[in-house]
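Please read it alongside the sequence and the coordinates.

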Amino acid sequence: MTEEMPDHPAARGKVCAVVVTYHPDQDFPARLSRILPQVAATFIIDNGSSDAEMKMLRGVADDGAATLVCNLENLGVATALNIGARRALADGFTWSLLLDQDTEVDHDMVEKLVATHASCPDGDPIAIVGSRFRDTQGQSIEPIRLDSRGELWEEVESVITSGSLLSLCAYSAIAPFRDEFFIDYVDTEFCFRARTAGYRIIQTLRPLMSHTVGAPTSHELPWTTKWTTNHSPDRRYYIARNNTVLLREYGASGDRSWRLKSFVRCCRLVKRIALYEQDKARKIYAVWQGWRDGVRGHMGPRRSPRKQTAG
């Protein structure tokens, strides 16, 4: 499972970027321009954006800066990542930088990720080098911790998809991202499988990108400040369902603290929706539906609540 990754800039020839888009905004080309100089190729995998959005994406791709793959409908993040990873493998790349459409990367992100990997002991099989991030709109991340060993990284259970440098050798050995997860916990589930297969998941100690989770809002209480992400009912469904699936599949063998944190996270999710968010009834119903489908093993895209009721 051991693979080599030469130091930057020689590594640039072996690193590509895979960017998943779904109704990208007008600032997407500017964010993409920060990625292009850092990698040898960029693959944009679009999940059924509108005609106007596709025109913008084709404008980026027509000048040869990126390769655009158009899906006629939203196939989900997992399938889009698999499409991009397969394209990268077919073109001979060994590492792929995975990105969301709204992530703004630092100008030296790839260089720092390569350096982080190079600082690991020789022979350690690394599946993913993840990036810490600055949340520019929501709750601040934890302050930077200086590692007592002088390392640039820490070993973690999982990392978020965006900003992660994926070993395509590990990807080929572990199997693809799970299409039926569709969106949420796609990254966590892959990391769990990678660790089970003997790979390590590491993350930089310093943030290398700006990234926001949901549409966060803060709510002041006399003794603290509470944050909520204001995800849509559909996202609440996938979060609840896929977390339930992970508890069912990995709960018995996983870390006890992770099981407890996962259960507490589920309860806190409903509480914050009820206290702070709009459209409470639809979101809480979506969470309940997600829990139920997770227990029953109903996967893939969320079925219409109206159709389910009729059924």
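Of the 311 residues in the protein chain, 49% are buried, where buried denotes a relative accessible area under 20%, exposed over 50% and partly exposed in between, with a 1.4 Å probe and protein chains only. This is a predicted model, in which local features need pLDDT of at least 70 and side-chain atom pairs count only at pLDDT 80 or more, while totals for chains, interfaces and linings use all residues. Residues are numbered from 1 along each chain as its sequence is written, and side-chain values use heavy atoms, with hydrogens and water left out.

**Overall architecture**

- The protein chain contains 10 helices and 11 strands; these are DSSP runs numbered from the N terminus, with helices (H or I) of at least four residues and strands (E) of at least two.
- Among the contacts in the protein chain with a separation of 6 or more, 76% join residues 24 or more positions apart, a contact being heavy atoms within 4.5 Å.
- The protein chain exposes about 15,100 Å², of which carbon and sulfur atoms supply 53%; accessible areas come from the Shrake-Rupley method with a 1.4 Å probe, and for residues only the protein chains shown count as cover.

- Because 13 of its 18 residues are buried, H7 is largely enclosed by the rest of the structure.
- H6 is mostly covered, with 9 of its 11 residues buried.
- Among the buried residues of H6 are Val186, Asp187, Phe190, Cys191 and Phe192.
- Gly198 follows H6 and has a positive phi, near 100 degrees.

**Aromatic pairs**

- The structure holds 8 aromatic pairs; rings of Phe, Tyr and Trp (its six-membered ring) pair if their centres lie within 6.5 Å, and planes under 30 degrees apart count as stacked, over 60 as edge-to-face and the rest as tilted.
- The pair of Tyr171 and Phe177 is tilted, because the ring centres are 5.9 Å apart and the planes stand at 45 degrees.
- Both Tyr171 and Phe177 are buried.
- Phe177 also pairs with Phe190 in a tilted arrangement, at 4.5 Å centre to centre and 35 degrees between the planes.
- Phe177 lies in the loop between helix H5 (168-174) and helix H6 (186-196), whereas Phe190 lies in helix H6, so the pair ties together parts that are 13 residues apart in sequence.
- The relative accessible area is 4% for Phe177 and 0% for Phe190.
- Tyr171, Phe177 and Phe190 form one aromatic cluster.

**Salt bridges**

- The whole structure has 17 salt bridges, each being a side-chain nitrogen of Lys or Arg within 4 Å of a carboxyl oxygen of Asp or Glu.
- Glu104 and Arg34 meet through their side chains in a salt bridge of 3.9 Å, N to O.
- Glu104 belongs to strand E5 (residues 104-105) and Arg34 to helix H1 (residues 28-35), so this pair ties together parts that are 70 residues apart in sequence.
- Glu104 is partly exposed at 36% relative accessibility, and Arg34 is partly exposed at 34%.
- In the salt bridge between Arg235 and Asp184, the closest N and O atoms are 2.7 Å apart.
- Arg235 lies in helix H7 and Asp184 in the loop between H5 and H6, so this pair ties together parts that are 51 residues apart in sequence.
- Arg235 is partly exposed at 25% relative accessibility, whereas Asp184 is buried with a relative accessible area of 10%.
- Glu277 and Arg236 form a salt bridge whose closest N and O atoms are 2.3 Å apart.
- Glu277 lies in the loop between H8 and helix H9 (280-296) and Arg236 in helix H7, so this pair ties together parts that are 41 residues apart in sequence.
- Both Glu277 and Arg236 are buried.
- A network of salt bridges links Arg178, Glu180, Glu189, Arg193, Arg248 and Glu249.

**Nonpolar surface patch**

- Leu260, Phe263 and Val264 make a nonpolar surface patch of about 300 Å²; patches are made of residues with over 30% relative accessible area and no salt bridge, with like charges joined within 9 Å and nonpolar side chains (Val, Leu, Ile, Met, Phe, Trp, Tyr) within 5 Å.
- Phe263 lies in helix H8 (residues 256-276) and is exposed, with a relative accessible area of 52%.
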